[in-house]
There are 2 protein chains.
Amino acid sequence: MRNIKVIMSYRGTAYHGFQRQENAVAVQNVVEDALSELLGSEITVIGCSRTDTGVHANEFHLNFFTDCCIPCDNLVRGINNLLPDDIAFLSAGDVPEEFHSRFDCKGKEYIYLIDNSVIRNVFASGLALHYPYPLDVNELDRAAKHFVGTHDFTSLCGTANLKDNCIRTIFSCDVIKNKNMVKVIVNGDGFLYNMIRIIAGTLIYVAENKIPASGIPVILEGKDRRKAGKTAPAHGLYLNKVYY
Amino acid sequence: MRNIKVIMSYRGTAYHGFQRQENAVAVQNVVEDALSELLGSEITVIGCSRTDTGVHANEFHLNFFTDCCIPCDNLVRGINNLLPDDIAFLSAGDVPEEFHSRFDCKGKEYIYLIDNSVIRNVFASGLALHYPYPLDVNELDRAAKHFVGTHDFTSLCGTANLKDNCIRTIFSCDVIKNKNMVKVIVNGDGFLYNMIRIIAGTLIYVAENKIPASGIPVILEGKDRRKAGKTAPAHGLYLNKVYY
C-alpha cells in the first residue's frame, strides 16, 4: 500500500472549509471525488488541518493510501485536469506508511492579509480584509512580538473550554507592509480555534488605540476571550506553510 | 448642471461587460443604480468604452450630469458604501460641461495578463489566462513590436466589416515577465473589437512556433482575420489607463 503526500493550494471562497461536510461542499469533498475518479477506487484523504469557510491555503498538506501505481508527476497532472480552477495540487510524493499529515505536523505558518488601501482594491475582495484606516506597521509589529513564546492562549481562542489545554508556542509573529498590503505572519507549533483571526483582530484594536501594544501580555494573562479583539473575517486568512 | 468625471475600477468576472444590458447585469447597471440611489435622481453615465463580459478595469473613466451639490470626495465615499466589493470609485472631479468620456478619449492602455506557472495559481483564476508552457518573453516582445505604428488591423478585428475603417495607431506594445506573470501591455489611439485579445492570441501562436515573430507584418498585410491567432479569453484582459 502506497502512502502519498500531497501539497496543494486552494482559494477558499467557494468552500465550507477543508473538512468533508455532509450538506455543503468542502475542499475535501472535491479532492476526494477527483482522486477517486482518477484512481478508480474510493480515496479518503487525511488533511494537515481543518480550515474555516472562506479561508485560503497557499500550501496545504494531505496524505492518502492507494494501491494504484500511477507515478506522482502523472497524478499531479491528471488531478489538476479534474479539479476546479480554485484548487490545485502543487506536488506529490511517496512517504513512509506511518506518515500522517495531521499527527506528524510540527508547526504551521499562517498569514493574515489586510488590504490597507483607502479605497478597496477590487481584485483583493474575498482575498484580504479591507481596512481603510491608517495602520502604524512598526507599532503593530512591536505589539505582535508579545504573542511570541509559550503562553496560555485562552484569551485568543474562539471556543475556549476550561478543560482544554490552551498552551501553545508561537515561534514568530511579524507585521510587514508591501505597498498597500499588510501581512501578519505567524509561525507556531499549533493554533487554537480562530486564534490567528483573533490575533489579527487584536492587532487592529491596537491600531485603533483601543489597546496599547503593551496591553497584550495583560490580555494573555487574563485568560478571557472578551479581553482580546474581535475575530477578523475568514477571507483574510491563509495557511501558508506546514512543517514536518 | 455639473458634469462629473469618475475614475473607477472593477473586477469583471460577475458582469456582462460595462455597457447597460436589458436582461443581464452589466457594470453600468450597477453603477447607475447606486448613483441614482445616492443622488436621489435618475443618473445615466457615459462610459469611456464598452468592455466584454469578464474583462476587468484597473482604470475606467466615465462622466455624468447632475444638479446635486455633493462634494466629489463625499460622492466617492458614499458610492463605495453602496457598490459591491468588485466595483469601486477611485476618484471623481468636476469637468467642463462639454467633456465626454468616450468622444474625448485620446488613447488607452490595455494589459493582457498570462499566468505562466506550470501549475495554475489558484488565486489568479478568473484574473489571468493560465498558460503552462514555456514562453520566450524576449521573442514575444520582439514579435509585439511589429504591431507598433499605424496599420490596417483588419486581421486583428473580431467582427471586421469591409466598410469599417480598421486603421489604428499602436503607440507601444511590450511583453514583460514578473515572476510567473507575463503582461502584454498595449497603448494605442483606439482598438477594434477583440483586438487586444487577438494580439494576445497571436503572440501565443508565436510562442508555439505556429507563426514566426517576423510573420506578423504578413498577417497585417493579409487583412484576413483567419491569418492571426485565436481570440484569447476575456478574463485575462484589463483596461489599464485612459488618456484625454
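Predicted model: local features only at pLDDT ≥ 70, side-chain atom pairs only at ≥ 80, totals over all residues.
The contact between the two chains draws on 23 residues from chain A and 23 residues from chain B. Together the chains bury about 1800 Å² between them, and carbon and sulfur atoms account for 57% of this area. On the side of chain A, the greatest loss of area to chain B falls on A:Arg120, A:Val122 and A:Phe123, which together make up 40% of what that side buries.

Several elements of secondary structure in chain A take part in the side that touches chain B: strand E1 (2-10), strand E3 (56-66), helix H2 (72-82) and strand E4 (87-95) each supply at least two residues. The most is given by E4(A), with 4 residues. By residue class, the side of chain A that touches chain B comprises 14 nonpolar, 5 polar and 4 charged residues.

Within chain B, the loop between strand E7 (149-152) and strand E8 (167-178) contains B:Thr154. The relative accessibility of B:Thr154 is 11%, and this residue therefore counts as buried, the cut-off being under 20%. The side chain of B:Thr154 is joined to that of B:Asp152 by a polar contact of 2.4 Å.

The cysteines were examined next. A disulfide is a covalent bond between the sulfur atoms of two cysteines. The count over all chains came to 0 disulfides. In chain A, A:Cys157 is in no disulfide, and the nearest cysteine sulfur, that of A:Cys166, lies 5.0 Å away. A:Cys157 has a relative accessibility of 5% and so counts as buried. In chain B, B:Cys72 is likewise in no disulfide, the nearest cysteine sulfur being that of B:Cys68 at 9.8 Å. B:Cys72 is also buried, with a relative accessible area of 12%.

Technical notes: Residues numbered from 1 in each chain as written. Chains lettered and ligands numbered in written order. Heavy atoms only, no water. Contact = heavy atoms within 4.5 Å. Buried area = accessible area lost by both parts, 1.4 Å probe. Nonpolar A, V, L, I, M, F, W, Y, C, P; charged D, E, K, R; others polar. Buried < 20%, exposed > 50% of the residue type's maximum accessible area, 1.4 Å probe, protein only. Polar contact = N/O pair within 3.5 Å; in protein donor to acceptor, adjacent residues only side chain to side chain. Disulfide = S-S within 2.5 Å.
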